[in-house]
Amino acid sequence: MPGNIQSIERAAAILRLLSGRNRRLGVVDISGELGLPKGTVHGLLRTLQHVGFVEQDPETGKYRLGAALLHMGSSYLDGNELRTRALNWSDSLAARTQEAVRIGTLHDGQVLIVHHVFRPDDSYQTLDVGSLLPAHATALGKVLLAHHPYVAAELARKGMVSYTDQTICDLERLERELEHVRERGWAAEYGELSPSQVSLAAPIMDRRGLTVGAMAIFGPPERLLAARAPRGELLTHVREAAQSVSRELGAIPW
Amino acid sequence: MSERYVAAIDQGTASSRCLVFDRAGRIVSVGQKEHHHIYPRPGWVEHDPEEIWRNVEQVVAHALAEARLEPADLVAVGIANQRETTLVWDRETGRALHNAITWQDTRTDHLVRELAQRFGDDHFRERSGLPPATYFSGPKLRWLLDNVPGLRARAGRGEVLFGTVDSWLIWRLTGRHLTDVTNASRTMMMNLDTLDWDDELLAALDVPRAMLPEIRPSAETYGAAAGRLAGVPVAAALGDQQAALLGQTCLAAGEAKCTYGTGSFLLLHTGERPVRSSGGLLTTVCCRVGAEAPTYALEGSIAVTGSLVQWFRDNLGLIGSAPEIETLARTVQDSGGCYFVPAFSGLFAPHWRSDARGVIAGLTGYITKGHLARAVLEATAWQTREVVEAMIADAGVSLSALRVDGGMTANNLLMQFIADVLDVPVVRPIVAETVSLGAAYAAGLAVGFWPDADALRANWHVAAQWRPDMDPARRERGYRKWRKAVARTLDWVDEDDEE
């Protein structure tokens with residue numbers, strides 16, 4: 001077939017090699033198997049690692065398939081399925097916190113809202129399922145970016161829009177923030193999309209521990225924050241609700 | 001004063017559950033356990049009454065333990081139950097004398113046809129609000145009397161007791177032989193005007209009165225529980241759909257809810273008068289709180305809704321899970337003129353045509369699986385509209401909104417389409433567990449935990465709302481096509497068809 005791109009074919013061959021059961025291979029193994037120079041293999045692996053398709057074990061230096069790749073294909077979780085599984089937990093989160101709840105997934109570098117529960121005060125509200133929010137300016141987005149690190153760099157390349165004077169538009173600052181999110185297991189956004197709104201989010205994981213979505217409450221700072229920090233009990237509710245959905249999806253019980 | 005709670009036992013077709021609620025109507029804890037379905041022959045579906053009782057005890061214990069509660073922390077317990085399922089037990093030993101015959105069981109098919117021929121549908125409908133059908137308890141009880149050796153003689157002597165699942169649980173909890181008026185209204189043996197057993201109906205069914213429970217209000221203290229709930233007032237019992245109506249706080253005439261599950265149940269509150277349907281709907285008791293006047297409802301059930309999505313998944317294999325149907329349906333803008341009438345075992349409310357079978361109408365070369373997925377979802381909406389129209393015609397009220405619950409409410413496309421074809425807002429409340437909540441509400445009202453209906457209304461909040469957004473001409477054109485598709489299902493079954 002004319003016009004095939006050799007480096008893509010080679011990258012595919014590496015991925016196929018690594019997709020065997022529990023395959024963890026070093027550069028030498030791969031170059032031996034494929035009959036390619038080590039330098040070429042190394043370059044391919046570096047690029048694959050950058051886009052999240054392979055990961056390197058920090059101890060052994062061996063490579064395995066990356067989370068981003070597993071996230072595509074068979075592990076793809078339907079947004080409508082996620083909503084169905086989350087329904088009870090998102091409802092009780094809204095009832096407990098008296099705030100609006102949204103569940104989002106990553107879609108082309110943005111947060112796609114797949115579920116929305118109204119703030120339970122019977123005021124006029126409109127379902128915004130299907131709308132897109134900027135990932136760098138929402139707690140939902142920060143949780144999702146924290147677990148899909150290669151996306152943040154892509155966002156930065158495209159340029160991150162500033163919505164308020166709080167919006168994080170600088171990649172280095174965003175990366176530091178995402179590092180915090182990974183450590184703490186939750187994310188907060190302080191008026192970074194709209195000055196009068198704050199959001200708190202936690203990750204929803206599937207059975208392999210991959211973050212497939214995020215769940216957040218949205219509300220005004222005076223209700224969500226105390227001494228400029230998220231109210232502890234609200235954060236607990238958000239994290240528990242997200243954990244319950246994760247359990248529902250078969251994530252390892254904890 | 002320490003916080004106090006209400007417990008609800010929801011004894012359903014698939015599982016037994018116990019939910020504990022706080023005063024704001026929020027779920028505090030849940031216990032749940034499934035039980036076995038026993039299929040002795042095709043069309044027969046039974047449950048083991050002892051297993052059900054054991055599971056109820058376990059889920060109660062689980063729910064209390066999860067919330068670290070003692071029976072003394074509960075002000076009352078209410079029961080919501082699968083309706084029509086029929087049990088008989090020994091008054092002396094308290095042991096069940098046969099498996100429970102469930103509402104889905106069709107063993108009384110011939111008996112029901114015989115009753116209809118001998119007495120006429122109206123004989124039953126005028127008195128009980130129900131046409132003869134295999135669902136209802138009366139024919140099931142008659143089958144037991146005819147088929148369990150010695151049962152009829154012992155029943156005549158008052159040694160054998162009959163009850164629906166509420167009675168069975170109240171008997172085990174308090175030692176009293178009672179049923180609530182909503183459950184009694186599903187037996188085909190209760191008179192809707194007197195709210196007592198009807199001698200003519202008992203004569204037609206040949207059931208001895210001595211074995212029937214006393215009919216009591218849905219919300220009053222029946223007695224104090226023994227066992228795991230020692231000392232807790234057992235203060236309510238309701239059929240599950242009536243409980244859902246209360247849980248949705250549909251408390252006034254003209255308020256309606258639909259529970260969208262495998263099948264769907266639409267109930268419209270008609271106030272303090274029973275409305276006899278000319279449109280093929282059931283008339284049923286809605287609730288009776290203590291000495292207050294009873295309230296009534298019209299009920300239309302739709303046999304095939306969620307189960308059509310399951311059929312689409314399992315029999316056609318076009319989707320991997322039920323929720324994915326929305327994803328597939330959203331690949332196209334509309335159904336492409338395709339209509340799916342799932343009359344798999346005939347048409348039910350409001351048509352009642354057993355000679356009908358399913359059709360997919362309007363097929364062209366243009367139709368893709370996405371269009372079929374749309375048609376599958378739209379079938380649920382069009383069927384809802386048929387039942388709503390029949391209800392509005394019978395009750396002479398207009399519908400201002402439809403309150404919804406059940407698993408299919410997670411499907412936004414479907415909920416929007418229902419709002420579009422009904423031309424009223426569709427509203428999902430924040431507590432999806434409306435059956436349990438309704439049982440808790442009734443029990444809480446009985447013991448004064450909640451003072452009145454307004455206190456319940458204050459607990460009800462909107463979780464999602466879908467507003468109608470369809471061009472009226474398109475709506476009516478669609479409905480016209482739907483009715484044409486329905487017409488094409490009729491007269492399919494012939495006398496000499498093989499079963």
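## A polar contact at Gln125(A)

A polar contact is a pair of N or O atoms within 3.5 Å; within protein, one atom must be able to donate a hydrogen and the other to accept it. In this predicted model, the side chains of Gln125(A) and Asp121(A) are joined by such a contact, at 3.3 Å. The side chain of Gln125(A) also reaches the backbone nitrogen of Arg119(A), at 2.8 Å.

Gln125(A) sits in the loop between strand S4 (110-117) and strand S5 (132-134) of chain A. Is Gln125(A) buried or exposed? Its relative accessibility is 9%, so Gln125(A) counts as buried. Leaving out residues up to four places away in sequence, Gln125(A) touches Phe118(A), Arg119(A) and Arg467(B).

## The interface of chain B and chain A

The size of an interface is often given as the accessible area lost when the parts come together. Here chain B and chain A bury about 1,900 Å² between them. Carbon and sulfur atoms carry 49% of that area. The contact draws 24 residues from chain B and 23 residues from chain A.

Polar links cross the interface as well. Twelve residue pairs are in polar contact between chain B and chain A, with both residues at pLDDT 80 or more. Which elements of chain B give two or more residues to the side that touches chain A? They are helix H11 (324-329), strand S20 (426-429) and strand S21 (462-466). S21(B) gives the most, with five residues. By class, this side of chain B has eleven nonpolar, seven polar and six charged residues.

Two salt bridges are counted between chain B and chain A. Asp91(A) forms a salt bridge with Arg428(B), and the closest N and O atoms are 2.7 Å apart.

## Salt bridges within chain B

Side chains of opposite charge can pair when their charged atoms come close. Over all chains, the structure holds 43 salt bridges. One of them joins Glu200(B) and Arg127(B), with the closest N and O atoms 3.0 Å apart. This pair links distant parts of the chain, 73 residues apart. Glu200(B) is in helix H8 (residues 199-205) and Arg127(B) in helix H3 (residues 121-128). Glu200(B) is partly exposed, at 44% relative accessible area.

Arg276(B) pairs with Asp193(B) in a salt bridge, the closest N and O atoms being 3.5 Å apart. Arg276(B) lies in the loop between strand S14 (264-271) and strand S15 (282-287), and Asp193(B) in the loop between helix H7 (181-184) and H8, so the pair ties together parts of chain B that are 83 residues apart in sequence. Arg276(B) is partly exposed, with a relative accessible area of 32%. Asp193(B) is exposed, at 53%.

Glu214(B) and Arg216(B) form another salt bridge, with the closest N and O atoms 3.0 Å apart. Glu214(B) is partly exposed at 39%, and Arg216(B) is partly exposed at 25%. A network of salt bridges links Arg83(B), Glu84(B), Arg186(B), Asp240(B) and Glu299(B).

## Domains of chain A

Chain A is assigned domain 1 (6-69) and domain 2 (79-248). Taken over C-alpha atoms, the centres of these domains are 33 Å apart.

How values were computed: Residues numbered from 1 in each chain as written. Chains lettered and ligands numbered in written order. Predicted model: local features only at pLDDT ≥ 70, side-chain atom pairs only at ≥ 80, totals over all residues. Heavy atoms only, no water. Contact = heavy atoms within 4.5 Å. Buried area = accessible area lost by both parts, 1.4 Å probe. Salt bridge = Lys/Arg side-chain N within 4 Å of Asp/Glu carboxyl O. Helix = DSSP H or I, 4+ residues; strand = E, 2+ residues; numbered from the N terminus. Nonpolar A, V, L, I, M, F, W, Y, C, P; charged D, E, K, R; others polar. Domains from an automatic or database assignment. Buried < 20%, exposed > 50% of the residue type's maximum accessible area, 1.4 Å probe, protein only.
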